[in-house]
Amino acid sequence: MSSTNLEMGIVGLPNVGKSTLFNAITKAGAEAANYPFCTIEPNVGVVDVPDARLKVLADMFHSKKIVPAGMKFVDIAGLVKGASKGEGLGNKFLSHIRQTDAIAEVVRCFEDGNITHVEGSIDPVRDVEIINTELCLADLESVEKQLVKAQKLIKAGDKKAAARAALLQRISDALGEGIPVRRVEMTDDEKAGLKELDLLTSKPILYVANVAEEEAADWSGNAYVKTLEDYAAQENAQVIVISAKVEEEIAELPEDEAKEYLEMEGLTEAGLDRLIKAGFKLLGLQTFLTAGEMESRAWTIVQGSTAPQAAGKIHTDFEKGFIRAEIVSYDDLVKCGSKQAAKEKGLVRLEGKDYIMQDGDVVEFRFNV
């Protein structure tokens, strides 16, 4: 997992609206200064994770600035049939996906006579399966190399190699049938054993159905979206419906005008915000909050992180010298109106090294270096 920001790769066939969506992301981009050690390449956009709680905390603590959590999107070159064999920008495409934490696959669900489809017609399931097949073929190559190694180790008398070979064979069989690794049933230990292979189809995925501008608010009657949702349901994947064109227009506008535009389109929130929230959920992420006079800030952690691990997100010294964490839940803090009032009601707790962080914990770490 990326140390600073979650990294999501945007993939899709050519002419599905992937670049339009990415343009919207970069226009809505976060201020790069908020994300140190993050070199923003031309194909990378960092956006703020929407979080209304930060404004409330900033008002309460009279913070000079607000720093939201960040999410990094990587625009990956359009994939074509044969990418696993190096067609198009094949190998570059695959190495870029390998570096991401999750995949957002943009699928065309709109008719437009002016935009040709690389396959000659609109068919979301066929499009998804083209990409799926290429990723499965690339993974199959990696798995088969590992299988040969494991079989050599068995011959050399390595006792552990037999279990590994059996797992690799199971994965190889599934990939050969076009079944992604994420759909193969495995124990947690088996999953951990495959981690170092960084298989493309083991990455969590969500589908972005790109609809026409006039369907942005009411796409439920779109037959293309329905077929994509039925397909995604087979692997418990989520489908986010957005109009890349609308997102690009929203990204151009100041905040108050963007709100008006959304209302005019009949939308409650921007598709990009829904995409970011879905990405967080997909990767089992959550945020904790810090607030003071200098800043109110959201920090990204994996669900199940302990208090010292969370402290390490701020600075490695905080984790090394962790003593305890002073914690109040955001909801309790807001109900009480101030940290002092929350303390008086006994709602501010001192937690130790074993405490599992909860989403929305407002924290002050005590540490000794």
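**Close-up views of a predicted protein model**

View 1. Buried stands for under 20% relative accessible area, exposed for over 50% and partly exposed for what lies in between, with a 1.4 Å probe and protein chains only. Arginine 126, by contrast, is partly exposed, because its relative accessible area is 21%. Aspartate 127 and arginine 126 form a salt bridge in which the closest N and O atoms are 2.9 Å apart; the term stands for a side-chain nitrogen of Lys or Arg within 4 Å of a carboxyl oxygen of Asp or Glu. The model is predicted, so local features need pLDDT of at least 70 and side-chain atom pairs count only at pLDDT 80 or more, whereas totals for chains, interfaces and linings use all residues. Residues are numbered from 1 along each chain as its sequence is written, and side-chain values use heavy atoms, with hydrogens and water left out.

**View 2. Lysine 343 and glutamate 326 are joined by a salt bridge, their closest N and O atoms being 3.8 Å apart.** Lysine 343 belongs to helix H14 (residues 339-344) and glutamate 326 to strand S10 (residues 322-329), so the pair ties together parts that are 17 residues apart in sequence. Helices (H or I, at least four residues) and strands (E, at least two) are DSSP runs, numbered from the N terminus. Lysine 343 is partly exposed, at 40% relative accessibility, while glutamate 326, with a relative accessible area of 6%, is buried. Both residues take part in a network of salt bridges that links Glu326, Lys339, Lys343, Glu364 and Arg366.

**View 3. A salt bridge between lysine 64 and glutamate 293 has its closest N and O atoms 4.0 Å apart.** Lysine 64 sits in the loop between helix H2 (53-61) and strand S3 (65-67), and glutamate 293 in the loop between S8 and strand S9 (295-302), so that the pair ties together parts 229 residues apart in sequence. Lysine 64 and glutamate 293 are both exposed. In total, the structure holds 20 salt bridges.

**View 4. Threonine 290 is found in strand S8 (residues 285-291).** With 13% relative accessibility, threonine 290 counts as buried. Its side chain makes a polar contact, at 3.0 Å, with the side chain of tryptophan 299; such a contact is a pair of N or O atoms within 3.5 Å, where, within protein, one must be able to donate a hydrogen and the other to accept it, and residues adjacent in sequence count only if both atoms are side-chain atoms. When neighbours within four places in sequence are left aside, threonine 290 is in contact (heavy atoms within 4.5 Å) with Glu295, Ser296, Arg297, Trp299, Ile314 and Val363.

**View 5. Glutamate 248 is part of helix H8 (residues 244-252).** At 14% relative accessibility, glutamate 248 counts as buried. Leaving aside neighbours within four places in sequence, glutamate 248 is in contact with Thr20, Asn23, Ala24 and Lys27.

View 6. Of the 369 residues of the protein chain, 49% count as buried. Among contacts in the protein chain with a separation of 6 or more, 70% are accounted for by residues 24 or more positions apart.
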